[in-house]
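Me: I'd like to go through the labels in this model one at a time and see what each of them rests on. Could you take me through them?

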Amino acid sequence: MNKHELSKRLIQEHQSFIDFVSSLSKEDLIRSHDNKWNPSQQLQHVYLCLRAIQLAIALPKFIPTILFGKSKKGSRTYESLVETYQLKLKNGGKSPSMYKPKKSVRDVGKLKIDLIHLVNIISNQLSHFQENDLDSFLLPHPLLGKLTARELIFFAIYHVGHHQKQIEK
């Protein structure tokens, strides 16, 4: 996927998630099954993760280079990244505490607006990257280690759908 396709998919997947969450009743938004996060908590978790991604790709490009180096291999495919992430989860990988939602989410409406705003900011930030920069700048991920900027966006695209599927179950 080139940066325009990444941006389009990022927006589409998050809008789909927001539309799905918006279709739920107030009761369903706070209903939890099997001690899993309820839909409003899933929404907050997606927002917290995406906020970290936005902050990471907003850094001046020299900072990640100094901190994490540059990729010499380029980016994996979307499918390869998803497979690696699923394996990490299967082997017990969990979300770090900083990305865990609060027990109660007060304003779901505002959170949905904030999430789509954040997606639009990231989409705009992507437009300032060169294609080769997306494959060379490395950024940290708590479960997957260092990812290229492109892989981080791949993750964001997959991650939101992953949480939508959890809610649908």
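Reply: Gladly, and a definition comes first: angles under 35 degrees count as roughly parallel, over 145 as roughly antiparallel, 65 to 115 as roughly perpendicular and the rest as oblique. The angles run from 0 to 180 degrees between N-to-C directions, with axes as lines fitted to C-alpha atoms, for helices over the stretch in contact. This is a predicted model, in which local features need pLDDT of at least 70, side-chain atom pairs count only at pLDDT 80 or more, and totals for chains, interfaces and linings use all residues. Residues are numbered from 1 along each chain as its sequence is written, and side-chain values use heavy atoms, leaving out hydrogens and water.

Me: Why are α1 and α3 called roughly antiparallel?

Reply: Helix α1 (residues 3-22) packs against α3 at an angle of about 155°, the axes being 11 Å apart. The cut-off is over 145, and therefore the two helices count as roughly antiparallel to each other. Helices here are DSSP runs (H or I, at least four residues), strands are E runs of at least two, and both are numbered from the N terminus.

Me: What makes H14, F17 and V21 in α1 "meet" residues of α3?

Reply: Contact means heavy atoms within 4.5 Å. By that rule, these three meet Q42, L43, V46 and L50 in α3.

Me: Why is α3 described as largely enclosed by the rest of the structure?

Reply: Buried means under 20% relative accessible area, exposed over 50%, and partly exposed in between (1.4 Å probe, protein chains only). In α3, 15 of the 20 residues are buried, so the helix is largely enclosed.

Me: How do you know that the length of α3 is close to what is expected?

Reply: The expected span is 1.5 Å times one less than the number of residues. For α3 (residues 39-58), with 20 residues, that expectation is 28 Å, and the helix reaches 28 Å from its first C-alpha to its last.

Me: What makes R31 and D28 a salt bridge?

Reply: The term asks for a side-chain nitrogen of Lys or Arg within 4 Å of a carboxyl oxygen of Asp or Glu. R31 and D28 come to 2.2 Å, N to O, so the pair qualifies. R31, at 40% relative accessibility, counts as partly exposed, and so does D28 at 30%. A search of the whole structure finds six salt bridges.

Me: Why does the pair D135 and R150 tie together separate parts of the sequence?

Reply: The closest N and O atoms of D135 and R150 are 2.6 Å apart, which makes a salt bridge. D135 lies in the loop between α7 (131-134) and β1 (138-141) and R150 in helix α8, so the parts they tie together are 15 residues apart in sequence. Salt bridges that share partners join E131, D135 and R150 into one network.

Me: Why is L147 called buried?

Reply: L147, in strand β2 (residues 145-148), has 0% relative accessibility and so counts as buried. Leaving aside neighbours within four places in sequence, L147 is in contact with residues including R76, L81 and F137.
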